[in-house]
Amino acid sequence: MPRIARMIVKDEPIVYHVMSRTALGGFVLGDVEKEYLFDLIKRLSTIYCAEVLGFCIMGNHFHLLVRMLTDDDYSDEEIKKRFSLYYGEDKIGELDEDQISFFREKWASLSEYVKEIKQTFSRYYNKLHSRKGFFWSERFKSLIVDNGDTLINCLAYIDLNPIRAGMVKRPEEYRWCSLGYHVQTN
């Protein structure tokens, strides 16, 4: 049976609720792995046209609430700046006009953003634990989220994950959700 195509909106900024689960049994994401995954999400959001509005990293899955901006929101200079952040200042001279268009389109893609998060994290996890093979169970799931109450309710759903799992009594006690992160780091 063929896969169902993702619902993607390209001509306007849009918010997505992204979810992905590990293929490994149990709760394999410890504090070190959660911290790396969180840092990776933050770092890649400075490269991709992504605004992370909320997140929660649990022991076997993660949630992201992310606004993907359109590729025409960024000038050539902004794409060059992001290129140098990703590849280094010394590589900026290698960037030509066709590549600017390529990176502008790539970095405005939700699929490319999540793919890079998942692939980079898989390599890290496998190296850290001296293992090979798949880490994520399947392709990520994503839902388009409307602004207003739907957006607020989705963010609450994401931040309340550790409470539903019985890990904490209040979301601000959990370091790897957006509310807990902001409370604990400010």
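A: Let's start with α1, which has 17 residues and reaches 25 Å from its first C-alpha to its last, close to the 24 Å expected at 1.5 Å a residue. That expected span is 1.5 Å times one less than the number of residues in the helix. Helices here are DSSP runs (H or I, at least four residues), strands are E runs of at least two, and both are numbered from the N terminus.

A quick word on the source: this is a predicted model, where local features need pLDDT of at least 70 and side-chain atom pairs count only at pLDDT 80 or more, while totals for chains, interfaces and linings use all residues. Residues are numbered from 1 along each chain as its sequence is written, and side-chain values use heavy atoms, with hydrogens and water left out.

Now, which side chains of α1 are tucked away? The buried residues of α1 are E33, K34, L37, F38, L40, I41, L44, S45 and I47. Buried means under 20% relative accessible area, exposed means over 50%, and partly exposed is in between (1.4 Å probe, protein chains only). Those buried residues of α1 pack against β2, β3, α2, α4 and α7 (178-185). Contact, by the way, means heavy atoms within 4.5 Å.

In soluble globular proteins, nonpolar side chains tend to be buried together.

For contrast, look at the loop between α4 and β4 (141-145), where F134 lies. F134 counts as exposed because its relative accessibility is 71%. S130 has its place in the loop between α4 and β4 too, and S130 counts as exposed, at 71% relative accessibility. S130 also has a positive phi of about 50° although it is not a glycine. Most residues other than glycine have a negative phi. H129 lies in the loop between α4 and β4 as well, but H129 is partly exposed, with a relative accessible area of 36%.
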